[in-house]
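Here's a quick look at the charged side chains in this protein. Have the structure open while you read.

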Amino acid sequence: MQIETDTIAALATPAGGAIGVIRLSGPEAIAITQKLIVSRKSRQHPDLASKMRYYGFLTDSEGNDIDDVLVSVFHGPHSYTGEDSTEISCHGSSFILQQALHALINAGARQAEPGEYTRRAYLNGKMDLSQAEAVADLVSASNRATHKLALSQLKGHFSSELSLLRDQLLKMTSLLELELDFSDHEELEFADRTELKSLAETIDKRITTLARSFETGNALKQGIPVAIIGKTNVGKSTLLNQLLHEEKAIVSDIDGTTRDVIEDTTQINGITFRFIDTAGIRKTDDKIEQMGIERAYQKLDEATIVIWVLDAMPSNAEIEEMAEKCEGKKLVIALNKSDLAEGDKLPENSELSPSRIQEECSKFDMQYSILKLSAKFGEGISELEEKLYAAADIPEINENSIIVTNARHYEALTKAHISITRVIEGMEMEMSGDLLAEDLNMCLEELGDITGGTINSEERLQNIFKHFCVGK
């Protein structure tokens, strides 16, 4: 892969803050910066190559002061990109930052492309491809869980796991290919097939576990979808507002107020949940409302967790329908409007008591939990949040956790699983070593594709880095 030889510049921080940072990287990064930096007293250009930090004025090409700045100097390979780099810290005014960037480009740099700094870091061996992708995940992390997973991947925990699997596969491949070198001696067998099969099954088990973790990783990244379902005017929109801690949905005593899907996210114990308030389910001749009800059922199908809001005892037909539609999902039955009952809780002999609901629901094959709440007064919301967190069934996550969050990684792992499965099946059918080695090499290539060990296509690299921030 050809290494870029020009010098790039870009704003590395968003405009509007107290401080803005412009980053330069490339063979002329220090020289270009030095052209535009002058001493505050002598107005001489300092020798930046011999310094780590310098405080002075940044000027334009005509010598006019733009701002007083702090320059940080990084000599390659001891920099983010592995190249000579500088970072210029200016005041955060949009005008100042644009003037500074314009001056640097006039002095010989060019505007960096999205993700070009991280791409250069990858090409210069500062990180592998999965670590480079973790940079984008770290920048876009929206909750504690995704932050920890991105940090784990950036530290190379995922890469180390893949490296171990590849080393084991390489050992298997080498033994099989060694047999091919002695093909004239069919009795020679360097690779014990029983041991190879056991090792292949162990590797396949780990690859499968990693691939399956994508379901959890994707949910953490996108937000766990929770559909709020129920009849009209049972308090779904009020409940949504309580969960979001803001007035997101219109609340009214008029039936059918919510006619379309309302979605928003919030965090519970560091995990993002994506709540979906749906149109009230009832029979209606209103075509617009009917479309909303159809969308409600569609969102119910897409949800992982369903909150069924009740303010009256449902019929057996309604319970049966909900049991059918929630098959394979986590169902939380929320008995709303407890504030209308005597005292602060619904009495056990109430028509809508938990014991009565449990008695009726036990007639059907469904998994659920029940709680009483008052969406209007916020009673029981904390308990509901705990039930939702438990229903999400998210494993304990720390900075060493390995959970796949990238669709490209998932696809490669799936293909690697197919290849190693063919190896196991081939050994069971006593296939020749050359055919086994071919499938092993395919598995190696798929795993290598994740870290960039086998990537040699400029177009593929462009596709991976094009969604990065310009300053990264």
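This is a predicted model: local features need pLDDT of at least 70, side-chain atom pairs count only at pLDDT 80 or more; totals for chains, interfaces and linings use all residues.

## The overall tally

Let's start with the count. The model has 20 salt bridges, going by a side-chain nitrogen of Lys or Arg within 4 Å of a carboxyl oxygen of Asp or Glu.

## Asp68 and Arg40

Aspartate 68 pairs up with arginine 40, and their closest N and O atoms sit 3.6 Å apart. Aspartate 68 is part of strand S5 (residues 65-74), while arginine 40 is in the loop between strand S3 (37-38) and strand S4 (53-59), so the bridge ties together parts that are 28 residues apart in sequence.

Next up is arginine 120, whose side chain meets that of glutamate 83 in a salt bridge at 3.1 Å, N to O. This one links distant parts of the chain: arginine 120 belongs to helix H3 (residues 116-123), and glutamate 83 to the loop between S5 and strand S6 (85-91), 37 residues apart.

Are these two partners buried or exposed? Arginine 120 has 3% relative accessibility, so it counts as buried. Glutamate 83 comes in at 9%, and because buried means under 20% relative accessible area, glutamate 83 counts as buried too.

## Glu161 and Arg206

Here's a pair made of two helix residues: glutamate 161 in helix H6 (residues 157-181) and arginine 206 in helix H7 (residues 193-222). They form a salt bridge with the closest N and O atoms 2.3 Å apart, and it links distant parts of the chain, 45 residues apart.

Glutamate 161 is buried, with a relative accessible area of 18%. Arginine 206, at 27% relative accessibility, counts as partly exposed.

Some salt bridges also share partners: Asp6, Glu83, Arg110, Glu116 and Arg120 are joined this way into one network.

## A negative patch

Which residues form a negative surface patch? They are Glu320, Glu321, Glu324, Glu327 and Asp365.

Take glutamate 321 as one of the members: you'll find it in helix H10 (residues 316-325). Glutamate 321 has a relative accessible area of 35%, which makes it partly exposed. Patch residues need over 30% relative accessible area, so glutamate 321 at 35% clears that cut-off.

Technical notes:
Residues are numbered from 1 along each chain as its sequence is written. Side-chain values use heavy atoms; hydrogens and water are left out. Patches are made of residues with over 30% relative accessible area and no salt bridge: like charges are joined within 9 Å, nonpolar side chains (Val, Leu, Ile, Met, Phe, Trp, Tyr) within 5 Å. Accessible areas come from the Shrake-Rupley method with a 1.4 Å probe; for residues, only the protein chains shown count as cover. Lys and Arg count as positive and Asp and Glu as negative; His and the chain ends are not counted. The place of a charge is taken as NZ of Lys, CZ of Arg, CG of Asp or CD of Glu. Helices (H or I, at least four residues) and strands (E, at least two) are DSSP runs, numbered from the N terminus. Buried means under 20% relative accessible area, exposed over 50%, partly exposed in between (1.4 Å probe, protein chains only).
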